[in-house]
Amino acid sequence: MFRLLGAKGANSRPACWCFARIAALSINSKKKMKLMIHNFASLVLLVQILSAAIVTATKEEAAAYFPALTDAEKTDYTAWLDEHFETPYSRHAFLPSSADTDTGAAVFWYIVDDTIHFAVAARASGWLGFGISEAGGMLGSDVVKYVTANPTELIDSYILESRAEPLMDACQSWNLESSMNQNGWIILEINRKLDTEDLQDIQLQDDSDLIKPPTRLIAAWGDEAGVSYHGNNRARKAVRLFAVEAINLPEALLESSDMHFDVAEDNYEIPAKDTEYHDVCKTFAEIQQELGISSSDPLTAIGAIPVLSQGTEEFIHHFTVYTQPDCGGPGLQQSMIYAWAPGDEGWKLPDDVGFALFESDDRQAINVEIHYNNPTLQVGKLDSSGVRFYVVNEERPQKAGVLELADPFVQLGGDEMISDGLSQFEFSCPGSCSSLFLGGDKVTVVAECKMPMTDGCLSIFT
């Protein structure tokens with residue numbers, strides 16, 4: 001079942017979708033439907049596969065968090081660190097603010113049996129919010145709220161509207177172990193079950209393998225007496241909560257690949273308008289010339305990472321990547337191979353799996369559609385963002401692809417419109433639907449990803 005929760009003005013339609021990688025069906029969000037049936041003896045069903053932040057780090061690295069502050073301003077934080085590091089907190093990450101990467105929230109954690117324990121530190125005096133995000137943003141997030149005015153209370157909440165206060169969960173699954181509120185610092189120690197068996201909570205699964213998506217953490221804070229709009233006091237990061245060793249995705253891809261190429265903007269001037277979609281495309285012939293290979297050489301993608309221009313990351317809402325016949329414009333023969341949103345650091349396939357590139361006439365180009373978001377109408381911002389593909393000059397035994405699920409024509413199944421406030425729409429995807437497109441092919445589900453957009457939020461229930 002798919003449940004679409006919208007929070008938008010009158011007469012707007014949801015732009016909400018999810019995708020899973022499979023080479024049998026592709027439905028894009030531009031209200032176009034494409035069917036691509038391949039006679040693979042074995043398929044690998046994938047969904048957005050993410051890398052993550054380094055999670056096992058030294059005490060010195062943790063002490064270096066909040067670099068904008070002086071040692072004197074960090075006294076309370078470093079004192080807590082001296083007392084708690086490695087007993088039991090040894091894994092940690094810094095969640096940077098998108099407005100200023102020197103500010104943010106420090107997060108520490110450890111797992112015992114079926115329970116995860118977090119410690120969250122932020123420079124604030126009024127309140128602190130922390131949570132687990134479905135896709136990197138606030139919509140659909142499972143969060144807890146703490147207000148210094150009520151130092152013994154922790155409120156388990158969830159978010160349905162990005163600029164609204166989180167709603168109280170019917171089941172309070174988070175527990176407050178301890179709190180410190182002094183000298184402009186809030187440091188919380190909290191815990192919850194990995195699986196709370198509560199549909200309003202996000203289940204935490206083992207994310208230690210590169211093939212699995214990492215966990216997206218978010219935080220917000222403020223000095224007000226109660227929870228209010230955070231402004232720039234917000235942070236997020238994708239981390240691997242279960243990983244013991246550090247993971248370096250670019251190094252792993254360089255070691256496994258024969259070569260790589262980019263499909264990216266070239267100093268594109270971001271328009272001074274609220275929202276804009278722009279395409280950048282590269283043909284197989286152009287990539288052949290760039291890599292110095294012949295048309296007879298098989299080219300298989302084994303991974304990809306986003307290429308983001310410094311100074312313009314904040315304007316990139318998301319991008320989607322497709323193969324298509326040529327660079328003459330999108331059409332019904334587009335097939336999605338990647339989608340990026342903030343917090344995603346890329347993906348790497350297993351050693352026997354790959355995306356076959358340019359193997360047919362309808363896949364002779366790669367197109368990156370970038371959604372720019374410029375609500376303050378800034379001018380003169382030049383962007384060279386895009387995606388870097390790591391490839392090998394051979395076929396791999398298992399072929400990967402994409403299956404997109406949701407409301408394929410973004411029409412709510414008819415002429416309905418999302419009204420003011422919160423609305424709910426439900427969709428179902430019966431097994432007969434997937435059987436029609438997959439036939440008798442063997443499919444292995446590796447991972448899945450939820451991709452809520454500005455106008456709505458998609459959740460999947462099985």
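Buried means under 20% relative accessible area, exposed means over 50%, and partly exposed is what falls in between. Start by selecting Cys 171: its relative accessible area is 41%, so this cysteine is partly exposed. Keep in mind throughout that the model is predicted.

**Stop 1: the disulfide**

Select Cys 281 and Cys 327. A disulfide joins them, with 2.1 Å from S to S. The count for this model is one disulfide. Look along the S-S bond: the angle about it is -80°, and the link is left-handed. Cys 281 sits in strand S19 (residues 275-283), while Cys 327 sits in the loop between S21 and S22. The two are 46 residues apart, so the pair links distant parts of the chain. Colour by accessibility next. Cys 281 has 25% relative accessibility and counts as partly exposed. Cys 327, at 36%, is partly exposed too.

**Stop 2: the largest core**

Select Phe 261, Leu 299, Phe 319, Val 321, Val 387 and Phe 389. These have the most contacts inside the largest nonpolar core, which has 38 residues. Elements that each supply at least two of its residues include strand S17 (259-264), helix H4 (284-291), strand S20 (299-307) and strand S27 (386-392). S22 gives the most, with five residues.

Centre on Phe 261. Which residues does Phe 261 contact, leaving aside neighbours within four places in sequence? Among them are Ile 287 and Leu 291, Leu 357 and Ile 366, and Val 387 and Phe 389.

A second, separate core has 29 residues. To find it, select Ala 122, Ala 124, Val 144 and Leu 194, which it includes.

**Stop 3: aromatic pairs**

There are 19 aromatic pairs in this model. Select Phe 66 and Trp 185. Their pair is edge-to-face, with 4.9 Å centre to centre and 85° between the planes. Phe 66 lies in the loop between helix H1 (59-63) and helix H2 (75-84), and Trp 185 lies in strand S14 (residues 185-193), so the pair ties together parts 119 residues apart in sequence. Phe 66 is buried at 3% relative accessible area. Trp 185 is buried at 1%.

Move to Phe 319 and Trp 340. Here the centres are 5.2 Å apart and the planes are at 15°, so the pair is stacked. Phe 319 is in strand S21 and Trp 340 in strand S22, so this pair ties together parts 21 residues apart in sequence. Phe 319 is buried at 0%, and Trp 340 is buried at 4%.

Finish with Tyr 65, Phe 66, Tyr 77, Phe 94 and Trp 185. Ring pairs link these residues into a cluster.

Note on methods: Residues numbered from 1 in each chain as written. Predicted model: local features only at pLDDT ≥ 70, side-chain atom pairs only at ≥ 80, totals over all residues. Heavy atoms only, no water. Core = buried A, V, L, I, M, F, W, Y, C linked by side-chain atoms within 4.5 Å. Buried < 20%, exposed > 50% of the residue type's maximum accessible area, 1.4 Å probe, protein only. Helix = DSSP H or I, 4+ residues; strand = E, 2+ residues; numbered from the N terminus. Contact = heavy atoms within 4.5 Å. Disulfide = S-S within 2.5 Å. Phe/Tyr/Trp six-rings, centres within 6.5 Å; stacked < 30°, edge-to-face > 60°.
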